[in-house]
Amino acid sequence: MSWGQEHGGFFRPLFIWSYVVDSRIWGARPFGYSPHERDLQRLNAFLVFRSLQSCSGISLQHPAPETGVAIAAAALFLLHPSHTEAVTWISGRADLIATFFVLVSLLAYLAYANSARTWRLIASLACL
């Protein structure tokens, strides 16, 4: 059998690796796993803000009314009850990791669209 495919036939190396790291740090104490989920959710909310910021062309140095919309959308993403399972359940980390890579891929593509540098397109495809 291949690593990570013993149960369910899924191959998710980053997901499993994150559990390995947490188990080395926290052992069997479940309390330590939860802060990582919350940190990933906060990071994803920040990436939502940055993607909306990139789409609308606003910057933090020159705030515009659209900045408030981007902040409100990121706050809604962060606090919406539909994300409860992904943040509170240890097994929900797969959704958080997948969301992270989709948002990074989107940001890399938006950067590619603004500058047409090939490495940004490659980074976007790699993250996706």
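User: Taking helices as DSSP runs of H or I with at least four residues, numbered from the N terminus, in which helix is the place of Q41?
Analyst: The model is a predicted one, and its protein chain has six helices and zero strands. Read along the sequence, these elements follow the pattern α-α-α-α-α-α. Within that numbering, the helix that holds Q41 is α2.

User: Is Q41 buried or exposed, and what is its relative accessible area?
Analyst: A residue counts as buried when its relative accessible area is under 20%, and in the protein chain of 128 residues 27% count as buried. Q41 is buried, because its relative accessible area is 4%.

User: How are α2 and α3 oriented to each other, roughly parallel or roughly antiparallel?
Analyst: Helix α3 covers residues 65–79, and its axis is 8 Å from that of α2, with a packing angle of about 150 degrees. Angles over 145 degrees count as roughly antiparallel. The two helices α2 and α3 are therefore roughly antiparallel.

User: How do the residues of the contact of α2 with α3 divide into nonpolar, polar and charged?
Analyst: On the α2 side the contact includes Q41, V48, F49 and S56, and on the α3 side the residues include E66, A70, I71 and F77. The pass of α2 over α3 is a right-handed crossing. The residues of this contact divide into 10 nonpolar, four polar and two charged.

User: What distance separates the C-alpha atoms of S56 and A70?
Analyst: S56 lies in helix α2, and it is partly exposed because its relative accessible area is 38%. S56 and A70 are 14 residues apart along the chain, and their C-alpha atoms are separated by 8.9 Å.

User: How are α2 and α5 oriented to each other, roughly parallel or roughly antiparallel?
Analyst: The axes of α2, residues 33–56, and α5 come within 9 Å and cross at roughly 25 degrees. In this left-handed crossing of α2 and α5, the contact residues divide into 14 nonpolar, six polar and three charged. Angles under 35 degrees count as roughly parallel. The relation of α2 to α5 is therefore roughly parallel.

User: Which residue is joined to the side chain of S18 by a polar contact of 3.2 Å between side chains?
Analyst: S18 is found in helix α1, residues 13–26, and counts as buried because its relative accessibility is 12%. The backbone oxygen of F15 lies 2.7 Å from a polar atom of the S18 side chain. Not counting residues up to four places away in sequence, S18 touches R93 and I97. The partner in the side-chain polar contact of 3.2 Å is R93.

User: What is the phi of A116, which is not a glycine?
Analyst: A116 is found in the loop between α5, residues 93–115, and α6, residues 118–127. A116 counts as exposed because its relative accessibility is 56%. Although A116 is not a glycine, its phi is positive, at about 55 degrees.

Terms used:
Residues numbered from 1 in each chain as written. Predicted model: local features only at pLDDT ≥ 70, side-chain atom pairs only at ≥ 80, totals over all residues. Heavy atoms only, no water. Buried < 20%, exposed > 50% of the residue type's maximum accessible area, 1.4 Å probe, protein only. Axes fitted to C-alpha atoms, helices over the stretch in contact; angles between N-to-C directions. Parallel < 35°, antiparallel > 145°, perpendicular 65-115°, else oblique. Left-handed = near helix turned anticlockwise from the far one by under 90°. Nonpolar A, V, L, I, M, F, W, Y, C, P; charged D, E, K, R; others polar. Contact = heavy atoms within 4.5 Å. Polar contact = N/O pair within 3.5 Å; in protein donor to acceptor, adjacent residues only side chain to side chain.
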